[in-house]
Amino acid sequence: MTTSPAVRALGDLAHQGAHAPAACDCAPPGVLADRPDGTVVRSGPVVAKAHAPDADAPALTARLALAASPALAGILLPPLAVPPTPDGLGQARTLEGRTVTLWPYGVPVDPADPDAAPWEETAVLLARLHRARPPHPLPPMRGPAKAARAVARMRAARARTPGGAAAGGIVPVLAAWRGLPGWARDEAPATAHRAGFLCHGDLHLGQLVRHPVPDGPWLLIDVDDAGLGDPAWDLARPAAWYAAGLLAPEVWLRFLDAYRAEDGPAVRPDGDPWPELDVPARALTVQTAALAVAKSLAQDRSPDEVEQLMIDACARIACRSAELGAASTS
């Protein structure tokens, strides 16, 4: 398999970060992810990441400093120092205009063993993150921006493939999207009293690793979307999965109970959590469904069973929004 020059350069940097230059018998670097929003390559105990080419440099710098802050130790995986450039003129590294960072390798959640997924540990980490005082000024978390980007990606896919098998899913997704308030569509600031919490911004089980390997504590990774905002957004993906029937009720309740037991501020300490979760969960449902439709259109296929569940959830959301709108005008 061939690799791009960027991937090879990341592999070289990860290998350089793993140990001092010397002859060795290390295994070749391996690609962990290669997407437009981030390329990640591992060499032994070190991972090199090239961040999104359109990342806001000052915002990314603040987010990386957050991961490195002692105040977040035990919650966020801290970055490693980048080896000096060959000319010795400093440690800043870029690759094809993209900021490059180094991280210790951690053991990810095993997708083949869903019963072992660390839902309670995730909830505790989120509660601790949400209760932490920001150690320095931070930009808004990018959850709503990612939702808006997903909808834009779906619209672009429709323009390229207007008659695709998945095109029917666009209508309910857009209807559910239009029913969201402006802040959840990244069109207005969040409500002031809910906007000042430290948030991850893109929480899912792929954002956790065990470090040190193999049995260290779970830590949150990938701070590219972290910042200040409504902490309910970080609970919204599992809430949306539960509402769509993808997450078992007992798992959802274990997650929610663990978050509340750690005094997480995203929801009230007892009783119905949905007044706080409703809007973020609807937004994450739309985001997931929009990406599913976009992917299905790009691959010229119908949505699979899981993707269709999220599209159907958007149809229910849109229907509920229409009913509430009719009731408010009657």
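Me: What makes the span of helix H4 (residues 143-160) close to what is expected?
Reply: The expected span is 1.5 Å times one less than the number of residues. H4 has 18 residues and reaches 26 Å from first C-alpha to last, close to the expected 26 Å. Helices here are DSSP runs of H or I with at least four residues, strands are E runs of at least two, and both are numbered from the N terminus. Keep in mind that this is a predicted model: local features need pLDDT of at least 70, side-chain atom pairs count only at pLDDT 80 or more, and totals for chains, interfaces and linings use all residues. Residues are numbered from 1 along each chain as its sequence is written, and side-chain values use heavy atoms, leaving out hydrogens and water.

Me: Why are some residues of H4 called buried?
Reply: Because buried means under 20% relative accessible area (1.4 Å probe, protein chains only). Those in H4 include Ala150, Val151 and Met154. The buried residues of H4 pack against helices H5 (170-178), H6 (232-244) and H8 (274-298), with contact meaning heavy atoms within 4.5 Å.

Me: What makes S1 and S4 edge strands?
Reply: Two strands pair if DSSP finds at least two bridges between them. The open, antiparallel sheet runs S1-S2-S3-S5-S4, and strands S1 (30-35) and S4 (94-95) each pair on one side only. S4 and strand S5 (98-104) pair over two bridges, so they meet that cut-off.

How values were computed: Buried means under 20% relative accessible area, exposed over 50%, partly exposed in between (1.4 Å probe, protein chains only).
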